Amino acid sequence: MAVIVTGAAGFIGFHVAAALLNRGEAVIGVDNLNAYYDPALKEARLAYLRRFAGFRFHRIDVADKAAMFALVDASPEVDRVIHLAAQAGVRYSLEDPWAYVDANVHGQLTVMEACLRLPACRHLVYASSSSVYGGNTKLPFAVADAVDRPISIYAATKRAAELFAETYAHLHRLPMTGLRFFSVYGPWGRPDMAAYIFTDAILHDRPIEVFNAGDMRRDFTYIDDIVAGVLAALERPPADAGPEDRPHRIYNLGNHTSEDLNRFIRLIETACGRSARRIPKGMQPGDVRATYADIDSAQRDLGFQPSTPIDTGIARFVAWYRDYHDM
Ligand SMILES: NC(=O)c1ccc[n+]([C@@H]2O[C@H](COP(=O)([O-])OP(=O)(O)OC[C@H]3O[C@@H](n4cnc5c(N)ncnc54)[C@H](O)[C@@H]3O)[C@@H](O)[C@H]2O)c1
């Protein structure tokens, strides 16, 4: 048996693949290694994964139907799929909305169709995002809240993927779990996200741009907690309870702590041993002021219990950053 992990060269996909390989599973990694951020980081993650005998890698675009179908047709041993490949990032979705529809909507459809071709596929776990909550002001964000008012194309494509999944669970009874991740950070993290941007700037003595003068709150979630949540979900495919129900569930995976952005920056300053020079900026279009995850259902159904406070997580991130960049 084997697991396909899409986005395996990405931040979360890399960690999930490594965790599966560490427990002896066979992993088929898929990624198109696009240049949204430095592909050298993606190659470095792959180099780590390639040390495991159980790892195979295919450079494929998940929206490429012919390539994805050829892969699954040649891999009948796959019984689970974790779909993490996506065009991520809220801000870039204002620049190139097509990239988001291609990767996140077309890609979701193609991955689901690929699963249907797999004779033994019993579960598709896919990534959604806290951004689907859009401008909701009721905190914490709960899965049952209305999410029909996205404020970025990224969010709209993630919500579309959830709706496509709901439809496929109804039509094809394919068991699926969607996970709404909340601001994930940690070693091997993404260069377009806050922890990396701030650390990089502070250690290179460049000023940092602080949006909304730091009056923002984020539910920052440490990567190891996310991996534990993904693996717990993977082991619990939703049951098919008959025509009135669909074998599709959605969960929030967050730390259940809404942190002040200024405190987040202070922790990075402490870990770097230097102060940041701050440039106050306005609110960015598409950005939300606060995120905060209600994780009750993930705790109940998945046993999800995030355990890494940002004080610990940020110190680990900065230590990785220094080591990776040799500084
Ligand atoms: N990191 C977070 O805070 C966060 C929060 C919410 C949701 N998510 C979601 O989690 C998933 C993983 O995010 P990440 O932080 O690891 O991002 P990432 O950009 O590091 O990883 C995504 C990977 O997918 C690959 N990819 C993109 N488009 C592709 C395509 N069409 N075909 C094949 N591969 C493709 C990229 O090359 C990249 O390696 C994504 O679905 C993202 O939307 C992440």
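View 1. Sort the shell by class and you get 14 nonpolar, nine polar and four charged residues. For the sorting, Ala, Val, Leu, Ile, Met, Phe, Trp, Tyr, Cys and Pro count as nonpolar, Asp, Glu, Lys and Arg as charged, and the others, Gly among them, as polar. A quick note before going on: this is a predicted model, where local features need pLDDT of at least 70, side-chain atom pairs count only at pLDDT 80 or more, and totals for chains, interfaces and linings use all residues. Residues are numbered from 1 along each chain as its sequence is written. Of the 27 residues around the ligand, the ones that come nearest are G7, G10, A85, A86 and A127; a residue is near a molecule or strand if its C-beta atom, placed from the backbone, lies within 6 Å of it. Three elements, α1 (11-22), α5 (97-117) and β5 (123-129), each give the shell at least two residues. The largest share, three residues, comes from α1. Those labels are DSSP runs numbered from the N terminus: helices are H or I with at least four residues, strands are E with at least two.

**View 2. Seven strands line up in an open sheet.** Read across the sheet and the order is β3-β2-β1-β4-β5-β6-β11, with parallel pairing. Two strands pair if DSSP finds at least two bridges between them. At the edges sit β3 (55-59) and β11 (248-253), and each pairs on one side only. From one strand to the next, the twist averages 20 degrees. Zoom in on β2 (residues 26-31) and you'll find five bridges joining it to β3. In one of these, G29 has F57 of β3 as its bridge partner.

**View 3. Strand β5 is mostly covered.** How many of the residues of β5 are buried? Seven of its seven are, where buried means 20 or more other C-beta atoms within 10 Å of the residue's own, exposed means 12 or fewer, and partly exposed is in between, with C-beta atoms placed from the backbone. In a regular strand the side chains alternate between the two faces of the sheet. Here H123, V125, A127 and S129 point one way from β5, while L124, Y126 and S128 point the other way. On to the neighbours: four bridges join β5 to β4, which runs parallel to β5, and R80 stands opposite H123. Six bridges join β5 to β6, again running parallel, with A127 opposite L179 of β6.

**View 4. Two helices lie across the sheet strands.** Helix α8 (residues 223-234) lies across β4 (78-83), β5, β6 and β11, at about 165 degrees to β6. Angles run from 0 to 180 degrees between N-to-C directions, and axes are lines fitted to C-alpha atoms, for helices over the stretch in contact. Two residues are in contact if their C-beta atoms, placed from the backbone, lie within 7 Å. Together, β5, α6 and β6 make a right-handed β-α-β unit: with the strands pointing away from the viewer, the path from the first strand over the helix to the second runs clockwise.

**View 5. Helix α7 has a buried set of residues.** Along α7 (residues 194-203), the buried ones are A194, A195, Y196, F198, T199 and I202. They pack against β7, β8 (208-211), α9 (261-272) and α11. Just after α7, D205 takes a positive phi of about 55 degrees.

View 6. Most residues other than glycine have a negative phi, and most peptide bonds are trans. S183 has a positive phi, near 25 degrees, and sits in the loop between β6 (176-181) and β7 (184-185). Is S183 buried or exposed? S183 counts as buried because it has 20 C-beta neighbours inside 10 Å. D326 also has a positive phi, about 55 degrees, and lies in the segment after α11 (310-324). D326 has 5 C-beta neighbours inside 10 Å, so it counts as exposed.

View 7. P39 belongs to helix α2 (residues 39-49). P39 and A9 are 30 residues apart in sequence, yet 9.0 Å apart in space, C-alpha to C-alpha. P39 is partly exposed because 15 other C-beta atoms lie within 10 Å.
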